[in-house]
Number of protein chains: 4
Amino acid sequence: MNPSFPTPSCWLTHRVSYGETDAMGVVYYANYLHLFERGRSELIRSLGLSYQVVEERGFFLPVREAQCRYLAPARYDEIIHIHTGLSGKTRASMSFVYEITNADKNITLARGSTQHAVVNAQGKPVRIPDWIADLFC
Amino acid sequence: MNPSFPTPSCWLTHRVSYGETDAMGVVYYANYLHLFERGRSELIRSLGLSYQVVEERGFFLPVREAQCRYLAPARYDEIIHIHTGLSGKTRASMSFVYEITNADKNITLARGSTQHAVVNAQGKPVRIPDWIADLFC
Amino acid sequence: MNPSFPTPSCWLTHRVSYGETDAMGVVYYANYLHLFERGRSELIRSLGLSYQVVEERGFFLPVREAQCRYLAPARYDEIIHIHTGLSGKTRASMSFVYEITNADKNITLARGSTQHAVVNAQGKPVRIPDWIADLFC
Amino acid sequence: MNPSFPTPSCWLTHRVSYGETDAMGVVYYANYLHLFERGRSELIRSLGLSYQVVEERGFFLPVREAQCRYLAPARYDEIIHIHTGLSGKTRASMSFVYEITNADKNITLARGSTQHAVVNAQGKPVRIPDWIADLFC
């Protein structure tokens, strides 16, 4: 879809459930952030780690900012695709971008981004450990 | 509404949001269990405790069974009321019943129940501590 | 898992997202009803129809009753399986049963059921049309 | 909290439920957009209209863009306040800003914004009808 999409990236396929829709008959706007999280988890997983392991080792990636542009609605039973890429990385933060498309990947339904801090179990910002940073080289 | 509703009990008022509805234009069926939780929390709070304190003291009340009958739909922007009562208590479990009504409390929208175990932080079933049991006398 | 599970039936695989969990670290109890809906949609789809088409033809299957027993928790990032079967059918209602298992299908996490009315666009109960009933023979 | 917050504006009080939290023990990030919708509905209601009536008259305000900065977590059972204001209005769009605070209104938990198109029942952009625009003068 997007030749300039940052790497590493991955695609995740998702079926829209009835519970994700609202009275307008389309996916409720807050649920796109939930879909972004599914994409983000899949990206980390596709690089050989699980976010569950990140937490087990005492690190957390709370969201500091999220943003979404809604371009076209998604409806019940539709297959959609979530494209997730790493857009940036500093000593203590990570940023992801997202693109959600229809089944044929020829219509972009939404575009968004999230920024995450890296914190320890006490919620204190810490430097990204190498075993996370190295995944995204 | 219901003269035989068990005590202690309490009422909680709730405004239906757009995000709670689905493509049928009514509150999505799973969200009623979420409303039951709001009612249950309010009942515990109305008796002078918070479920947060229960957890801080190392006790948890995971749901073992939940059930709901859907009698009439609730729509966006409606005021609804959640009536919650304690229906039973054993050495290691508690049961609650729920009734959700329209704004005027003359139409019952849903009726349900939940059963809860009492467990410690390790998830092991334990006897209900007195400071919980005594609340519901 | 269950030799007596009713047919027709189908399996759907689901990855637990972070947004489906709660502060206890496990899938929030109301979300199981959302998973049941995913299983139910998949069963209808596996028989050659989509629930979306059912609605486009003017029929709706609102839930009249739902029930769930919670046997073991599901955690973030887990693969789980949703087994859905048709357990009953009358002139104007349909019933489904559900079993949710861990990734290896050797632990049952939850069991549940839903009963549905068949109504028209005005919400009036109607006889199940043959093109739905025949699917489940 | 914020002397430059745009008017008209309103406050809505909300109790954090268990179902709104995630495994980190805090309100899941997507749920803030759900809270923004509660605030937005309340603002429209406080001005003498209901968004339900807007839809009944054939107008819809789908979200075109949403954004949220997460400053401090909200936990189960907390009372929080949602401050919503109209930040802009063009011939065919409306923008809102949001601030979510703790119970004492001395800590800002989140800040965000949404932009909305005005469309008819066919999803076509239309000019804001006077009876909506006049509310926000």
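This is a predicted model: local features need pLDDT of at least 70, side-chain atom pairs count only at pLDDT 80 or more; totals for chains, interfaces and linings use all residues.
Copies here are superposed by least squares on the C-alpha atoms of residues with pLDDT of at least 70 in both.

Let's start with chains C and A. Rotate chain C by 180°, with 0.0 Å of shift along the axis, and it lands on chain A with an RMSD of 0.0 Å. That is the relation of a two-fold axis. If you want a landmark for this axis, look for C:His14: of the residues of chain C, its C-alpha comes closest to the axis, at 5.0 Å. The two copies use the same surface here, since 100% of the contact residues of chain C recur in chain A.

What does that contact consist of? Chain C puts in 12 residues and chain A puts in 12 residues. On the chain C side, helix H1 (31-46) and helix H2 (51-56) each supply at least two residues. H1(C) is the top contributor, with 4 residues. Sorted by class, this side of chain C has 3 nonpolar, 6 polar and 3 charged residues.

S3(A) and strand S3 (residues 63-70) of chain D run antiparallel and are joined by 5 bridges. In that pairing, A:Gln67 stands opposite D:Gln67. There is a rotation here as well: 180°, with 0.0 Å of shift along the axis, superposes chain A on chain D with an RMSD of 0.0 Å. Which residue of chain A comes closest to that rotation axis? A:Gln67 does, with its C-alpha at 2.1 Å. The copies meet through the same surface, because 100% of the interface residues of chain A are also interface residues in chain D.

Chains B and C let you follow a whole sheet. Trace it in the order S1(B)-S4(B)-S5(B)-S6(B)-S3(B)-S3(C)-S6(C)-S5(C)-S4(C)-S1(C): these 10 strands form an open sheet with antiparallel pairing.

At the chain B end, S1(B) runs antiparallel to strand S4 (residues 79-89) of chain B, with 7 bridges joining the two. Within this pair, B:His14 stands opposite B:Ile80 in S4(B).

Finally, the helices on the sheet. Helix H1 (residues 31-46) of chain B packs on it, touching S1, strand S3 (63-70), S4, strand S5 (93-101) and strand S6 (108-117) of chain B. The direction of H1(B) makes about 130° with that of S1(B). In chain C, H1(C) lies across S1, strand S3 (63-70), strand S4 (79-89), strand S5 (93-101) and strand S6 (108-117), running at about 130° to S1(C).

Notes: Residues are numbered from 1 along each chain as its sequence is written. Chains are lettered from A and ligands numbered from 1 in the order in which they are written. Two strands pair if DSSP finds at least two bridges between them. Two residues are in contact if their C-beta atoms, placed from the backbone, lie within 7 Å. Ala, Val, Leu, Ile, Met, Phe, Trp, Tyr, Cys and Pro count as nonpolar, Asp, Glu, Lys and Arg as charged, and the others, Gly among them, as polar. Axes are lines fitted to C-alpha atoms, for helices over the stretch in contact, and angles run from 0 to 180 degrees between N-to-C directions.
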